[in-house]
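Reader: Could you walk me through a few local features of this model? I would like the cut-offs along with the values.

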Amino acid sequence: MSQSTQLIYQKEGDKLLHPSKILSTIPLSNLPPEDQALVKDPTITHAIITDSTIFYVQGGGQPSDTGSIKPKDTSTPVFEVKSVRQPITGSQVLHLGQFTPNNESFTSNEITQHVNEETRTLHSRLHTAGHIMSLAIHALCKEGLIPPLKESKASHYPDSAAVLFEGLIEGKHKEAIQAKTNEFVQSARPVKIHWWTMEELLSKCAGVTDGFELPAGEVLGRVVEMEGLGSYPCGGTHVRDCSLVGRIVVKKISRSKGISRVSYTVEDV
């Protein structure tokens, strides 16, 4: 069995530099066709597989990190990481990108990973913001202002951030959702990462969809908790407290076929 890539960011979410070892460097054309199909950027030429990674792997409604991989003891060449994906089969993470200068490659397997801080911070703010807004909506349901809802799925991408619910959220509730969301942000409650058993996770977490399961072989699930507000099973990256998302703007509530979609963005304050 191939060595899995250890996901360092799951326990050290603030880490932006990380030494690791290359397990293999693969030209894009040599990847299995189903993995080649994951690549949309025509400038991507190679995939690098490492023993561990601090790069967030695309999934869970959050886009991947970007950044660079460099030799441990020199400054060139540089591998520009443009996308990070799980392969269709196996658990060796694919760091997809290109070498600069072109056609050069590393002569040693000892490398340093560098995550783009600006992009990581934005994605973390958006992901935490989506959970905060959803918990605000759940709170309004408990208060009886909004009818009971079932959370469906979410996107935390910069241009399409939204949370979807089964059930009706009328447009007239937008102001109340904004006010409750503002209240939760201003509370500056700590955002914490836990590892819980399936029983604890199911009893305490919001947003658990039908058929939710832990990854094969795992007995503990990763959970993000907005302390005192609620928690979600989540593999994403997050800010340290609710206020660090900035200002969450509830943009629009749309409804179609029994699904309500609440879109949002984040702004600096």
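**Rings, charges and backbone**

Author: Gladly, and let us start with the rings: ring pairs link Phe-79, Phe-99 and Phe-106 into a cluster. This is a predicted model, where local features need pLDDT of at least 70 and side-chain atom pairs count only at pLDDT 80 or more, while totals for chains, interfaces and linings use all residues. Residues are numbered from 1 along each chain as its sequence is written, and side-chain values use heavy atoms, with hydrogens and water left out.

Reader: What is the geometry of the pair formed by the rings of Phe-99 and Phe-106?

Author: Rings of Phe, Tyr and Trp (its six-membered ring) pair if their centres lie within 6.5 Å; planes under 30 degrees apart are stacked, over 60 edge-to-face, and the rest tilted. For Phe-99 and Phe-106 the centres are 5.2 Å apart and the planes stand at 75°, so the pair is edge-to-face.

Reader: Is Phe-106 buried or exposed?

Author: Buried means under 20% relative accessible area and exposed over 50%, with partly exposed in between (1.4 Å probe, protein chains only). Phe-106 has 14% relative accessibility, so the residue counts as buried.

Reader: Asp-241 is buried yet has no salt bridge; which side chain of opposite charge is nearest?

Author: Lys and Arg count as positive, Asp and Glu as negative, and His and the chain ends are not counted. A salt bridge needs a side-chain nitrogen of Lys or Arg within 4 Å of a carboxyl oxygen of Asp or Glu. At 8.4 Å, the nearest side chain of opposite charge to Asp-241 is Arg-240.

Reader: Which side chain makes a polar contact with the side chain of Asp-241?

Author: A polar contact is a pair of N or O atoms within 3.5 Å; within protein, one must be able to donate a hydrogen and the other to accept it, and residues adjacent in sequence count only if both atoms are side-chain atoms. At 2.4 Å, the partner of Asp-241 is Ser-243.

Reader: How far is the charged end of Lys-204 from the centre of the ring of Trp-196?

Author: A charge sits over a ring if NZ of Lys or CZ of Arg is within 6 Å of the ring centre and within 35 degrees of the ring normal. The charged end of Lys-204 sits over the ring of Trp-196, and the distance to its centre is 4.9 Å.

Reader: What is omega for the peptide bond from Thr-100 to Pro-101?

Author: Most peptide bonds are trans. The bond from Thr-100 to Pro-101 is cis, with omega near -5°.
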